[in-house]
Amino acid sequence: MAEIGEDLDKSDVSSLIFLMKDYMGRGKINKEKSFLDLVVELEKLNLVAPDQLDLLEKCLKNIHRIDLKTKIQKYKQSEEPVKTSIQESAAFMPQSIPEERYKMKSKPLGICLIIDCIGNETELLQDTFTSLGYEVQKFLHLSVNGIAQILGQFACMTEHRDYDSFVCVLVSRGGSQSVYGVDQTHSGLPLHHIRRMFMGDSCPYLAGKPKVFFIQNYVVSEGQLEDSSLLEVDGPAMKNVEFKAPQRGLSTVHREADFFWSLCTADVSLLERSCSSPSLYLQCLSQKLRQER
């Protein structure tokens with residue numbers, strides 16, 4: 001109908017309105033209305049419907065718009081009658097896309113894992129995420145090996161299948177792309193390795209669920225590091241850590257989907273000035289989360 005309306009000029013519409021008055025009654029619709037307004041009024045009177053276009057076809061013929069009459073005939077021959085009314089069709093009612101949201105109804109909402117290798121933020125973070133409905137589990141002053149062990153254990157937890165999300169807060173010294181824990185090492189635990197532990201193929205119980213990471217990393221320059229015998233995460237010292245959870249069959253969720261990753265880096269000198277100095281990033285994060293709950 002919208003296509004036919006575009007092909008009609010004002011005089012055509014006026015002629016159609018004049019012809020339709022015999023069916024609609026005098027004064028039912030004024031001549032300033034558009035073709036689509038006319039069609040809506042005809043539909044209200046059950047004179048026009050997607051499978052009832054004879055009257056419209058007849059009137060188009062009477063005003064010598066055989067081209068548009070032919071369009072209607074072709075439509076009737078090629079299309080099955082539409083069961084919805086014209087007013088409910090896409091020409092009149094724009095389609096809205098429903099907003100997608102994560103299901104966040106489990107109690108608790110999930111596990112919040114806090115690994116604080118500095119020791120200044122644990123209490124604040126625990127209070128914040130407990131108030132948001134999370135089961136908080138905290139670990140303080142871990143080595144690189146200890147961080148990897150804990151993360152591996154939590155990635156494999158079957159409890160995730162009963163929860164709707166997972167949060168991890170990690171506070172540590174580190175390099176630009178790794179964390180050291182309480183160790184002084186050139187390698188550390190690479191951040192991309194942490195992410196990989198919780199991907200869909202390694203952690204299927206969290207597939208399709210939000211996995212939220214907040215990382216405060218105090219970056220140590222290479223000149224401040226000491227040589228260490230600790231090996232990288234992929235080395236022999238870490239071979240006893242099993243990262244993969246039991247497989248539940250094929251998943252249609254992309255392995256890297258549903259990650260929310262927030263990383264704040266600061267120079268380690270901030271800690272050297274005052275070892276009890278709080279993280280501005282985590283302070284603001286806690287304040288914002290409490291306001292939004």
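This is a predicted model: local features need pLDDT of at least 70, side-chain atom pairs count only at pLDDT 80 or more; totals for chains, interfaces and linings use all residues.
Student: Which residue forms a salt bridge with Asp12?

Tutor: Asp12 pairs with Arg65, and their closest N and O atoms are 2.8 Å apart. Asp12 belongs to helix H2 (residues 10-24), whereas Arg65 is in the loop between helix H4 (54-62) and helix H5 (66-78), so the pair ties together parts that are 53 residues apart in sequence. Furthermore, Asp12, Arg65 and Asp67 are linked in a network of salt bridges.

Student: Are Asp12 and Arg65 buried or exposed?

Tutor: A residue counts as buried under 20% relative accessible area and as exposed over 50%. Both Asp12 and Arg65 are buried.

Student: Where do Glu41 and Lys44 lie?

Tutor: Both are in helix H3 (residues 35-44), three residues apart, which is about one turn of the helix. Glu41 and Lys44 form a salt bridge, with 3.7 Å between the closest N and O atoms. Lys44 has a relative accessible area of 51%, so Lys44 is exposed.

Student: Which residue meets Lys103 in a salt bridge?

Tutor: The side chain of Lys103 meets that of Asp164, at 3.7 Å from N to O. This pair links distant parts of the chain, 61 residues apart: Lys103 is in the loop between H5 and S1, and Asp164 is in the loop between helix H7 (144-155) and strand S3 (165-175).

Student: Why does Asp164 count as buried?

Tutor: Asp164 counts as buried because its relative accessibility is 7%. Lys103, by contrast, is exposed, with a relative accessible area of 56%.

Student: How many bridges join strand S1 to strand S2?

Tutor: Strands pair if at least two bridges are found between them. Here, six bridges join S1 (residues 110-116) to S2 (residues 135-140), and the two strands run parallel. As one example, Asp116 has Leu140 in S2 as its bridge partner. Together with helix H6 (residues 122-131), S1 and S2 make a right-handed β-α-β unit.

Student: Which residues form a nonpolar patch on the surface?

Tutor: The patch is formed by Tyr102, Met104 and Phe260, which together have about 270 Å² of accessible area. Phe260 is placed in strand S7 (residues 259-267). Phe260 counts as partly exposed because its relative accessibility is 40%.

Notes
Residues are numbered from 1 along each chain as its sequence is written. Side-chain values use heavy atoms; hydrogens and water are left out. Patches are made of residues with over 30% relative accessible area and no salt bridge: like charges are joined within 9 Å, nonpolar side chains (Val, Leu, Ile, Met, Phe, Trp, Tyr) within 5 Å. Accessible areas come from the Shrake-Rupley method with a 1.4 Å probe; for residues, only the protein chains shown count as cover. A salt bridge is a side-chain nitrogen of Lys or Arg within 4 Å of a carboxyl oxygen of Asp or Glu. Helices (H or I, at least four residues) and strands (E, at least two) are DSSP runs, numbered from the N terminus. Buried means under 20% relative accessible area, exposed over 50%, partly exposed in between (1.4 Å probe, protein chains only). A crossover is right-handed if, with the strands pointing away from the viewer, the path from the first strand over the helix to the second runs clockwise.
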